[in-house]
Amino acid sequence: RATTATRSTARRRARRRELEPKSLRHRRLVPRSTAGDGDDRLWSNVERGDDGLRRRAGSLGASVALVAGTTLGAGMLALPLVLRDAGFVPSTVVIVACWVFFAATGLCVLEVNLGTMCELGRGGGVSVNAMCRRTLGDAGVNAATPAFAFIHYALLVAYVQKVGELAVEIWPQVPGGANAASVAYATAMSTFLYLASPAKIERFNSALFAGVIGTFVPLLLLAARSETTSVDNLLAVSDWSAAPATIPIVAVAFVYHQVVPVVATSLEGDRKRATTAVLAGTAIPALMFILWDAAVLGSVDAGAIDVDPIGALQASSPLTAALVRGFEFFAVSTSFLGFGWGLADFLADGMKTTDIRDPRPWALALVPPVIFALACPGVFLAALDSAGAFGVLVVFGMIPPAMVYRHRQMRDECALENDPVGCLPVLDPVLPGGVLTLALMFAFAASEVGSETIGLARQWFRM
């Protein structure tokens with residue numbers, strides 16, 4: 001058995017040497033005992049300065065803003081319209097349940113990401129693609145890659161198109177119309193993402209997220225202070241039988257997992273800080289969803305089923321109209337940064353390039369959404385409406401617990417082989433609960449995928 005373990009360890013070390021990039025993007029893996037700060041980071045991010053290399057410590061606040069900003073989208077304002085059939089209490093339970101579930105799947109991605117970086121000897125540059133290949137093999141990659149790419153491209157198309165619509169609403173005579181505004185916006189944001197350092201991107205995203213909060217709070221107060229707002233309106237509807245149908249809708253609102261590897265890299269592999277970023281970064285949007293749901297549903301009479309409360313709020317004054325447009329712009333921009341950055345990182349890993357100035361993954365990530373937004377946005381958006389929840393629940397619902405299960409099996413095998421290099425303490429579970437928790441998560445996502453599959457099949461046969 002010792003000979004078999006030695007051979008297996010040698011093969012794993014040889015694989016790490018083959019996959020280790022020539023350039024670690026100016027990062028160096030450092031032993032935990034020599035980190036020097038008494039913290040839990042696995043390496044130090046360094047950058048070149050006038051006096052040579054210096055450490056570039058990641059910001060926990062910026063990481064929280066990245067997760068929260070990626071989760072939030074302009075569609076959040078319309079969420080109460082699709083939740084009001086269930087009512088406030090049932091929809092709140094659904095939002096909290098989805099937050100717990102998708103925060104847990106985010107911790108699954110974090111756990112596997114840290115373990116994969118340790119095995120490959122990389123201080124970053126490990127995307128969902130690499131994690132799937134390491135834990136689930138080619139079958140996992142073949143299942144995850146198409147859905148992952150589709151979700152990201154479709155949402156980026158929606159964001160590009162939305163900015164064009166906002167531009168025309170604000171300035172109807174904008175030169176070139178909505179298409180020109182969409183192209184200008186996408187070009188500016190894409191150029192910034194490509195040229196800026198990760199630290200500058202994080203600072204810019206934090207500023208945009210401040211804009212999200214700065215426009216959301218006044219909107220929330222205006223909606224809550226409506227003359228028709230009352231507790232009776234808020235609690236008038238409580239249909240628990242309608243709650244299950246809202247789960248896929250809320251699930252699409254909690255997509256952020258593609259930036260978890262970016263957060264882990266920014267925070268230098270510090271598991272505790274990265275866990276805090278995931279939990280806090282998803283809790284903020286969940287709280288905003290609940291507060292907005294309460295403010296809107298409380299202002300609408302239960303019998304007024306044909307009333308559009310968002311449209312009525314926007315038409316109530318120029319100030320509220322400006323706040324709604326401002327919120328939508330900031331929310332779209334934070335999501336565009338997160339999805340664009342995550343997709344480019346995913347494609348770079350698939351291309352096996354570690355050069356942060358390689359234009360290919362950025363071009364492949366950000367040019368097609370502009371083309372589709374101009375040529376045929378309806379194709380992507382219709383597909384997103386019908387199959388978006390299916391893809392989200394497969395890629396970010398079923399696959400993360402499956403990856404963690406296999407990852408922990410590999411960790412146990414590694415411990416039996418007594419390989420201290422491959423069995424760093426960071427490989428301890430991030431998500432508590434053991435196999436039972438993973439099984440329940442997988443079963444929940446699988447049941448929702450089955451329900452969505454049946455619904456899609458019925459739609460297809462009715463066509």
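How many nonpolar, polar and charged residues are in the lining of the second largest cavity? By class, that lining has four nonpolar, three polar and one charged residues. The model is predicted.

**The cavity**

The structure holds two cavities of 30 Å³ or more. Helix α13 provides the largest share, three residues.

**Helix pairs**

| Pair | Angle | Axis distance |
|---|---|---|
| α4 (residues 88-120) and α9 (residues 243-252) | about 45° | 9 Å |
| α5 and α14 (residues 359-375) | about 60° | 8 Å |
| α2 (residues 60-71) and α13 | roughly 105° | within 7 Å |

**α2 with α13**

The axes of α2 and α13 cross at roughly 105°. Angles of 65 to 115 degrees count as roughly perpendicular, and α2 and α13 are therefore roughly perpendicular to each other. From α2, the contact uses Leu66, Gly69 and Thr70; from α13 it uses Ala331, Thr334, Ser335, Gly338, Phe339 and Trp341. By class, this contact has four nonpolar, five polar and no charged residues.

**α5 with α14**

Helices α5 and α14 pack at about 60°, so they are oblique to each other. Their crossing is right-handed. On the α5 side stand Tyr153, Leu156, Val157, Val160 and Gln161. They meet Leu364, Ala365, Pro368, Pro369, Phe372 and Ala373 in α14. The contact residues divide into 10 nonpolar, one polar and no charged. Gln161 is among them, and Gln counts as polar.

**α4 with α9**

Which residues of α4 meet α9? They are Pro90, Val94, Ile95, Cys98 and Phe102. Their partners in α9 are Ala243, Thr246, Ile247, Val250 and Ala251. Nine of the contact residues are nonpolar, one is polar and none is charged. Helices α4 and α9 pack at an angle of about 45° and are therefore oblique to each other. The crossing of α4 and α9 is right-handed.

Key:
Residues are numbered from 1 along each chain as its sequence is written. This is a predicted model: local features need pLDDT of at least 70, side-chain atom pairs count only at pLDDT 80 or more; totals for chains, interfaces and linings use all residues. Side-chain values use heavy atoms; hydrogens and water are left out. Axes are lines fitted to C-alpha atoms, for helices over the stretch in contact, and angles run from 0 to 180 degrees between N-to-C directions. Helices (H or I, at least four residues) and strands (E, at least two) are DSSP runs, numbered from the N terminus. Angles under 35 degrees count as roughly parallel, over 145 as roughly antiparallel, 65 to 115 as roughly perpendicular and the rest as oblique. A crossing is left-handed if the near helix is turned anticlockwise from the far one by less than a right angle, and right-handed if clockwise. Contact means heavy atoms within 4.5 Å. On a 1 Å grid over the protein atoms alone, a cavity is a set of points where a 1.4 Å probe fits but cannot get out, and a pocket is an open set with protein on both sides within 12 Å along at least five of seven lines; lining residues have an atom within 4 Å of a point. Grid points are joined across faces, edges and corners, and a volume is the space filled by probe spheres set on the points.
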